[in-house]
Amino acid sequence: MALQAVETGREIARRYGLSKSPRPYERMHVSLNAIGTYPDFPDDIVFAVSAAMATVKAAPFEVNFDRAMSVTNARAVILANAIRSEEMMDLHVQLAKEMWGVGLNFTYNPRFMPHMTVLYDDVPVPEHLLAEPVRWIAREFVLIRSVIGNSEYEYLDRWPLLD
C-alpha cells in the first residue's frame, strides 16, 4: 500500500508538473485523531492514550482511496474518497470516545474526511479520479508521535484490529 501511494504521488507530480517528490513510504499513514500539540510528548499522556486504545474493539476493514487533490491552504496533496468508509468513521468515533473517557482532548469531527498525504507542493492539484485506486485492508492502528514541521514520526504503540 505505501509503495503504491508513493508511486501514485510520483504520477501526480509528473502529471501536474510539481517540483516536490512524494513522501517516503515509511511516512505514509492515515490520521484518525490528533491528541494535541506538545513540545515534548509527556509519558503520562502516552500511558493514558495507550490504556484507552487497548480497549478499542474493531474488525479489519478495507481502505479505498480513489481520488487525489490539494487541500486548501495546506499545500498538501492527498489521496481520499468522496464516500467515507463507515468502518473507518466508526473507528474515528470510538478513538475519540476512548480519549475523552480518560480525560484527553479529542478531535471528533462529523465532517472528518480520512485521507493520506502523499506530498506537499505549492502548485494546486485539482480533484481527480485515480487511474488505479490505492486500497488495502487496515489490520491495526498506531500511536504516532509527529515532530511538527520535520516530517519525523516515532511509532509509540500499536493495536490490532480483530474480527
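1. The buried set of α2 (residues 43-53) is Ile45, Val46, Ala48, Val49, Ser50, Ala52 and Met53. Buried here means under 20% relative accessible area, with exposed over 50% and partly exposed in between (1.4 Å probe, protein chains only). Helices (H or I, at least four residues) and strands (E, at least two) are DSSP runs, numbered from the N terminus.

2. A word on the model. It is predicted, with local features needing pLDDT of at least 70 and side-chain atom pairs counting only at pLDDT 80 or more, while totals for chains, interfaces and linings use all residues. Residues are numbered from 1 along each chain as its sequence is written, and side-chain values use heavy atoms, leaving out hydrogens and water.

3. Now the overall layout. The protein chain has three helices and six strands, and from the N terminus they come in the order α-α-β-β-α-β-β-β-β. With a radius of gyration of 16 Å, close to the 15 Å from the globule rule for 163 residues, the chain is as compact as a globular protein of that length. That radius is taken over C-alpha atoms, and the rule is 2.2 Å times the number of residues to the power 0.38. Of the 163 residues, 39% count as buried.

4. Next, the sheet. Four strands form an open sheet in the order β3-β2-β1-β4, with antiparallel pairing. β3 (116-120) and β4 (128-138) are the edges; each has a single partner strand, so one side of each lacks a neighbour in the sheet. Two strands pair if DSSP finds at least two bridges between them. β1 (residues 61-70) and β2 (residues 76-80) pair over four bridges in the antiparallel sense, and Ala68 sits opposite Leu79 in β2.

5. Helix α1 (residues 2-16) lies across β1, β2, β3 and β4, at about 165° to β4. Angles run from 0 to 180 degrees between N-to-C directions, with axes fitted to C-alpha atoms, for helices over the stretch in contact. Setting aside neighbours within four places in sequence, Ile12 is in contact (heavy atoms within 4.5 Å) with Leu18, Ala68, Val77, Leu79, Val125, His128 and Leu130.

6. Finally, the core. The largest nonpolar core has 43 residues, and Ile12, Met53, Leu79 and Leu91 have the most contacts inside it. The biggest contributor to this core is α2, with six residues. Such a core is a set of buried Ala, Val, Leu, Ile, Met, Phe, Trp, Tyr and Cys residues joined through side-chain atoms within 4.5 Å.
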